[in-house]
Amino acid sequence: MQERDLSRTRRWIADEERREAERRVGEARRPPAPEWLIERGLDRKNIVAVHTGECWDPGKRAKPATRAQAIEALRQQVPACSKCRPDTGLGIDV
């Protein structure tokens, strides 16, 4: 009985160690978060907002953008997200 419990405990430990190793590998392979996001409208042609990469409310149609793309969008009167304020991070007055 104790042998069976010990064997089950060892399997459980091995499984947990494997899961932890897989989690660490996944984190190491994850690409870095983008610095800036541009959110497009339903037709995917118009830009509806600019966000920081850490914004908690970017919408489902937000895609990574370069700093230059974010600045250009703001200069073309695309609204800055009111939650993450990318205009402040970019040093642009809107």
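This is a short walk through one protein chain, from its overall form down to a few residues.

First, the ground rules. The model is predicted, local features need pLDDT of at least 70, side-chain atom pairs count only at pLDDT 80 or more, and totals for chains, interfaces and linings use all residues. Residues are numbered from 1 along each chain as its sequence is written, and side-chain values use heavy atoms, with hydrogens and water left out.

Let's start with the whole chain. It holds 3 helices and 3 strands. Here helices (H or I, at least four residues) and strands (E, at least two) are DSSP runs, numbered from the N terminus. Along the sequence, the pattern reads α-β-β-β-α-α. How does the chain's radius of gyration stand against the globule rule? It is 22 Å, well over the 12 Å that the rule gives for 94 residues, so the chain is more spread out than a compact globule. That radius is taken over C-alpha atoms, and the rule is 2.2 Å times the number of residues to the power 0.38. The C-alpha atoms fill a box of roughly 75 × 30 × 20 Å, taken along the principal axes.

Now burial. Buried means under 20% relative accessible area, exposed means over 50%, and partly exposed is in between (1.4 Å probe, protein chains only). Of the 94 residues, 27% count as buried. The chain exposes about 7,500 Å², and carbon and sulfur atoms supply 50% of it. Those areas come from the Shrake-Rupley method with a 1.4 Å probe; for residues, only the protein chains shown count as cover.

Contacts next. A contact means heavy atoms within 4.5 Å. Take the contacts between residues at least 6 apart in sequence: 45% of them join residues at least 24 apart.

A word on charge. There are 20 positive and 16 negative side chains, and the centres of the two sets lie 5 Å apart. Lys and Arg count as positive, Asp and Glu as negative; His and the chain ends are not counted. Each charge is placed at NZ of Lys, CZ of Arg, CG of Asp or CD of Glu.

On to the strands. Which strands pair with strand 1? Strand 2, residues 47–52, pairs with strand 1 in the antiparallel sense over 5 bridges. Strand 3, residues 62–65, also pairs with strand 1 in the antiparallel sense, over 4 bridges. Two strands pair if DSSP finds at least two bridges between them. For landmarks, Arg40 stands opposite Ile47 in strand 2, and Glu39 stands opposite Ala62 in strand 3. The hairpin of strand 1 and strand 2 has 6 residues between the strands, and there Arg44 takes a positive phi near 65°.

That brings up backbone angles. Most residues other than glycine have a negative phi. Gln77 has a positive one, near 70°. Gln77 sits in the loop between helix 2 (67–75) and helix 3. With a relative accessible area of 66%, Gln77 is exposed. Arg85 is in the loop between helix 2 and helix 3 too, and its phi is positive, near 50°. Arg85 is partly exposed, at 36%.

Stay in that loop for Ala80. Is Ala80 buried or exposed? Buried, with a relative accessible area of 16%. Not counting residues up to four places away in sequence, Ala80 touches Val50, Leu74, Arg85, Pro86 and Asp87. Ala80 and Arg67 are 13 residues apart along the chain, and their C-alpha atoms are separated by 14 Å.

Last stop: Pro86. Pro86 lies in helix 3, residues 86–90. At 0% relative accessibility, Pro86 counts as buried. What does Pro86 touch, leaving out residues up to four places away in sequence? Trp36, Val50, His51, Thr52, Ala80 and Cys81. Pro86 and Leu74 are 12 residues apart in sequence and 9.0 Å apart in space, C-alpha to C-alpha.

Look at Thr52 from its own side. Thr52 belongs to strand 2 and is buried, at 14% relative accessibility.
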